[in-house]
Amino acid sequence: MAQAQQVIQNNEFSGADIVLPMTEEVRARTQPVYQKLKSQISEMEWTYFAPLIDEINRLKKEKNAVILAHNYQTPEIFHGVADIVGDSLKLAKDALEVEADVIVLCGVHFMAETAKILNPAKTVLIPDPTAGCSLAESITAEGLRSLKAQYPGVPVVTYVNTTAEVKAETDICCTSGNAVEVIESLGVDRVIMAPDKYLAQNIAKQTGVEVITWDGRCEVHELFTPEQIQDFRDQNEGVVVIAHPECTPEVVEASDFAGSTAQMVDFVATKKPEKVFMVTECSMSDNVSAEHPDVEFVKPCTVCPHMKKINLSKIIHCLRDLSNEVTVAPEVAEKARASITRMLAVK
Ligand code: 13P
Ligand code: SF4
């Protein structure tokens, strides 16, 4: 069994970076993953990653654990150790089907909380509990209560990028993958939709429903501009531009398609554009490119610093020690679960 050989650096959370030896057995066992990733990862990086991937796959069996990973996780996590990958909606839905005792959520904290809310009897771990989200941090339960007090009787839709306490104050959650259907399911002319003001504006345009929103923004997607998109179109003839709806309405307008991260993955898989620019977090293009070597990816992108707090060493630490368990107070979880369950009943 492989053991840590040396410790090279301390992480703020969850222990030290781990280095394990690359052996012929490890090389053989991880070969199929390398075949997929060799366009994205150098040989030197692979010598470091492969033994960690092998150790994680061993630990998953030992601990009866599964790894759920968001589309923004790095390729060695996404293709190397994840059992289930997807957007926030798929991760929430698939968390309900997990039979293993332990779920390791490779993503940000609200995603792990959602998995725990839906699976109160399971152990849910996050490799770095400080992996946050600028949207989730933009609103508190008290903030939402004060917004509700200004608009009595108006249904409250909150984005899943929120804490459990905020979800507990909500009528129904949504993700970027089902926001239109969730809003339309309410059959009203006006809703409160928090905290992402750009997602809310984009959905208002699509549905014609009036949206009262909050000043929350994704620190990654707010950085893209329509001018940048035009520049890349000018430099890359025929490029197809696909954006996440957390981008500004102007950026969505300047794009050919907008959708959740899973809808962006499906777009590339089904439309097979010759050249594509994914207006979103950097790992998306890397992960999708590994699956579609025939598609050319124009790769200006922005890193989500929260998603990037998760790495292979931290996954090993949390699996070995079953550490960084995510908990939600039962009374909060019960109310939050109702708003997520209502969403899942729509789409
Ligand atoms: P998706 O639900 O589209 O994966 O988005 C989650 C997220 O945090 C995007 O920034
Ligand atoms: Fe939050 Fe934006 Fe990072 Fe997604 S990309 S986790 S919305 S900060």
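Biologist: Which residues touch the most other members of the largest nonpolar core?

Modeller: A nonpolar core is a set of buried Ala, Val, Leu, Ile, Met, Phe, Trp, Tyr and Cys residues joined through side-chain atoms within 4.5 Å, where buried means under 20% relative accessible area, exposed over 50%, and partly exposed in between (1.4 Å probe, protein chains only). Here the largest such core has 98 residues, of which Trp 46, Leu 68, Met 193, Leu 312, Ile 315 and Met 343 touch the most other members. The most residues, 7, come to this core from helix 2, residues 43-63; helices (H or I, at least four residues) are DSSP runs, numbered from the N terminus.

Biologist: How should I take these values?

Modeller: This is a predicted model, in which local features need pLDDT of at least 70 and side-chain atom pairs count only at pLDDT 80 or more, while totals for chains, interfaces and linings use all residues. Side-chain values use heavy atoms, with hydrogens and water left out, residues are numbered from 1 along each chain as its sequence is written, and chains are lettered from A and ligands numbered from 1 in the order in which they are written.

Biologist: With which residues is Trp 46 in contact, leaving aside its neighbours within four places in sequence?

Modeller: Contact means heavy atoms within 4.5 Å, and on that basis Trp 46 is in contact with Met 22, Thr 30, Val 33, Tyr 34, Leu 37, Ile 41, Pro 51 and Ile 53.

Biologist: Is Glu 43 buried or exposed?

Modeller: Glu 43, which lies in helix 2, is exposed, because its relative accessible area is 61%. Glu 43 and Glu 246 are 203 residues apart in sequence and 35 Å apart in space, C-alpha to C-alpha.

Definitions and conventions. Helices (H or I, at least four residues) and strands (E, at least two) are DSSP runs, numbered from the N terminus.
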